[in-house]
Amino acid sequence: MFAYSVRRILMTLPVMLVVALFVYGLLDLAPGDPAVFLAGDDATADEIERIRMTLGLDQPFVQRFGIWLVNIVQGDLGVSLFTGLAVSDMIAQRIAPTFTLMLMTLIVSVAIAIPIGALAAWRHNRIDDRLIMVGAVFSFSLPTFVVGYALAWVFGVELRWLPIQGYVPFSEGVWKSIRTLILPTLALASVYVALITRITRATLLETLSQDYIRTARAKGVGHRNLLFRHALRNASVPIVTVIGSGVALLISGAVVTETVFSIPGLGRLTVDAILRRDYPIIQGAILLFSFLYVLVNLIVDLLYRVFDPRITY
Amino acid sequence: MRRFVDFLRRHPTVAVGGLIVLLLIGLALLAPWLGTRDPTALSPIHRTRNPSAQFWFGTDLLGRDVYSRVLYGARISLIVGFSVAALCFVFGTLIGLVSGFVRWVDAIVMRIMDGLMSIPTILLAIALIALTRASLENVIIAITIAEVPRVVRLVRGVTLTLREQPFVEAAVAAGASPWRVIFRHVFPNTVAALTVQLTYICGLAILAEASLSFIGAGVPPSIPSWGNIMAEGRSLWQIKPHMIIFPALFLSATILAINMLGDGLRDSIDPRMAKRI
C-alpha cells in the first residue's frame, strides 16, 4: 500500500508538468510577439517593454520556463500585468467564496444523489425510478447558468427568500455567508447530482443482481441493511470515481455560476483577467484548479482500499 | 427503411431527440424566411421592448429583435457543435488509432492527454481565447482541444482490446499492411462507441460555447449566439427576463435533445444496459 501510494503520487508529477508546459507554452503560440499582443492595441513601446521584462520574454524559452517552474513550486505565480500585485495574493483574496461554493455543492450533491440513486435502483422500472431517471436527464442537460437564473427568479425575485447577488465573507457571520451561497450551490449542484444519481443507480443495479445479494436476502437481511451495507458498499468504488472525475464539471460550472450570482471568486477573477489580457492570472488560476482536480483524483485513488479492502496493488 | 422505423420504435429517445435536433436544423437553415429581420440591425427607439406581436421575443438593449437573434443563434450553436464533433472525430480517431498500435507514441500521447484532461474544459478554452483574437474559429479550436482527449482515450482503449482479437491476427497473417489492418479491420469496430461519444461531444461543445460567450470569453459580441444574447441580457434580467428566457429555452432544449439522442444510441449498442432502463 505504501509503495503504491508513493508510486501513485509520483504519477501525478508528469501530469502536472504537462499542464504547466501547456499553460506556459501557449504564450509563445500567441499570434506575433506575445508582449505586443498582451499589451493591447494602443500600447506604448514602454508598456510593451515592461511586459516583456515582467514575463522575462527576452530570455530563451527553456531558460525562462525553468525559472518560472522553480518559482511556481515555491508558490510564486508571478505578478499581474494589470495591477502589478503578486498573482498568489490576488488568488488568495478570491479563493474563499469559490472553494466554499464547491465544497457546499459537493456535500449537498452527494447527500441528495446517493439516496435518490439508491431508491431508483431499488424501485427499478417502477414509476419512481422512471421519474428519477427523467429528472436526471433533465437536470444533466440544463446549463448551470439557466438553472441559476431560474432559481434566482423564483427564490430571489418572486419569493424574496434568498439573496441573488454578491457574497458575504465568513468574518461577517457564518449563516449570513452561507445564505448568499445557497442558490449558487443549488444551481451548481444540478449537473453534479444528475451525474452521481445515474452512476449510483447503474452500479447498484449491477450489484443487486449478484448472487450474494440473493443469499443475503434469503437469510433474512432487512431491506435497509441489504441496500446500504451489502449493496452500496460494494458499489462504492465506481461511484467515488465519478464523484472525483466530476470535480472538473464542478470547476467549469463554478466559473459560470460566479458570473450569474456576481460572486467575487476565482472564476470572476479569471474572467476579468481575459478582458484585460492579464495572462499571469489566467496561468495561476488554471494551475491551481488543475492541481485541485489532480489532487482530488489522487485522493479518490488512494481511498479505493478504504471502500473495498479486497483491492490490492 | 423498415428496419430504421423499427429501430426508432424500440428506442423512442433517439426518435424524440433526433426530431428536436432536425427541427432545430430546419429553423437554423430557414431562419431568413421565418419572419425574422436582420439580427444585427439596431433600432434605438425599440429598445428593451417586451414580447409582442411585432417583436415575438421582445428586443434587447440596442433594440435588436431577440426572436431573429435566437433563430440565427441556432446556426452558431449548430456550427460549433458539428465542427467540434467533426474535428474531434478526425484528430481523436487518428491519434487514438496510432496510440493504440505504436507503443512509444502511446506513452507520450497518453501523458499529454492526461495533462489536457486535468484542465477543466472552460478554463482550457479561456486560456486559448485569452491569447487569440475572439473569433468563431478560435472558439471551435479551443473547445476541440479541450474535448479531443475523450475521443483519443476511447479509440485507443477499443484499439488496445481489438488488436489482441483473432480476426486482427488473421488479417496480419494474411499479409494485410498495418494501415489496412488499422482502417479496414480495427477502425470500423470503433465506430459504434465513437458515434455515441461524438453525440455527447456535440452537446458539450454547444454548451461550452454558450458558457464561454455568456461569461464574455466566447465568440465576438457582434455575432448573435445564444450565449451572447444572454450575456447582453444579464444586466437587466430582473426586469426584462425575456432576453434570457428565450435563448435559455432553446439552449436547454438543444442540449436535452442531443443527450437523449446520445443515451438512446448508447443503449442500442449496449443492449445489456437498455433492458434495464
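Q: In this predicted model, which residues is B:Leu123 in contact with, once its neighbours within four places in sequence are left aside?
A: In this predicted model, B:Leu123 is in contact with A:Ile251, A:Ser252, A:Val255, A:Ala285, A:Ile286 and A:Phe289, leaving aside its neighbours within four places in sequence.

Q: Which residues touch the most other members of the largest nonpolar core, and which helix gives the most to this core?
A: The largest nonpolar core holds 165 residues, and of these B:Leu123, B:Ala125 and B:Ala127 touch the most other members. The helix that gives the most to this core is H8 of chain A, residues 174–208, with 17 residues.

Q: How many residues does each chain bring to the contact between chain A and chain B, and which helices of chain A supply at least two residues each?
A: As a general idea, the size of an interface is often given as the accessible area lost when the parts come together. Here the description is by residues, with 42 taken from chain A and 39 from chain B. On the side of chain A that touches chain B, at least two residues each come from helix H1 (2–29), helix H6 (127–141), helix H7 (144–158), helix H11 (247–260), helix H12 (266–275) and helix H13 (279–307). By class, this side of chain A has 36 nonpolar, five polar and one charged residues.

Q: How should I read the packing of helix H3 of chain B and helix H10 of chain B?
A: In general, two packed helices are described by the angle between their axes and the distance between the axes. For helix H3 (residues 66–101) and helix H10 (residues 242–269) of chain B, the axes come within 10 Å and cross at roughly 30°. Angles under 35 degrees count as roughly parallel, and H3(B) and H10(B) are therefore roughly parallel to each other. The crossing in which H3(B) passes H10(B) is right-handed.

Q: Which residues of H3(B) and H10(B) meet?
A: From H3(B) come B:Val66, B:Val70, B:Gly73, B:Ala74 and B:Ser77, and these meet B:His242, B:Met243, B:Phe246, B:Pro247, B:Phe250 and B:Thr254 in H10(B). By class, this contact of H3(B) with H10(B) has seven nonpolar, four polar and no charged residues.

Q: How many helices and strands are there in chain A, and how much of chain A counts as buried?
A: Chain A has 13 helices and zero strands, and 40% of its 313 residues count as buried. Along the principal axes, the C-alpha atoms of chain A fill a box of roughly 80 × 55 × 35 Å. Among the contacts in chain A with a separation of 6 or more, 72% are accounted for by residues 24 or more positions apart.

Key: Residues numbered from 1 in each chain as written. Chains lettered and ligands numbered in written order. Predicted model: local features only at pLDDT ≥ 70, side-chain atom pairs only at ≥ 80, totals over all residues. Axes fitted to C-alpha atoms, helices over the stretch in contact; angles between N-to-C directions. Helix = DSSP H or I, 4+ residues; strand = E, 2+ residues; numbered from the N terminus. Parallel < 35°, antiparallel > 145°, perpendicular 65-115°, else oblique. Left-handed = near helix turned anticlockwise from the far one by under 90°. Contact = placed C-beta atoms within 7 Å. Nonpolar A, V, L, I, M, F, W, Y, C, P; charged D, E, K, R; others polar. Core = buried A, V, L, I, M, F, W, Y, C linked by C-beta atoms within 7 Å. Buried ≥ 20, exposed ≤ 12 C-beta atoms within 10 Å, placed from the backbone.
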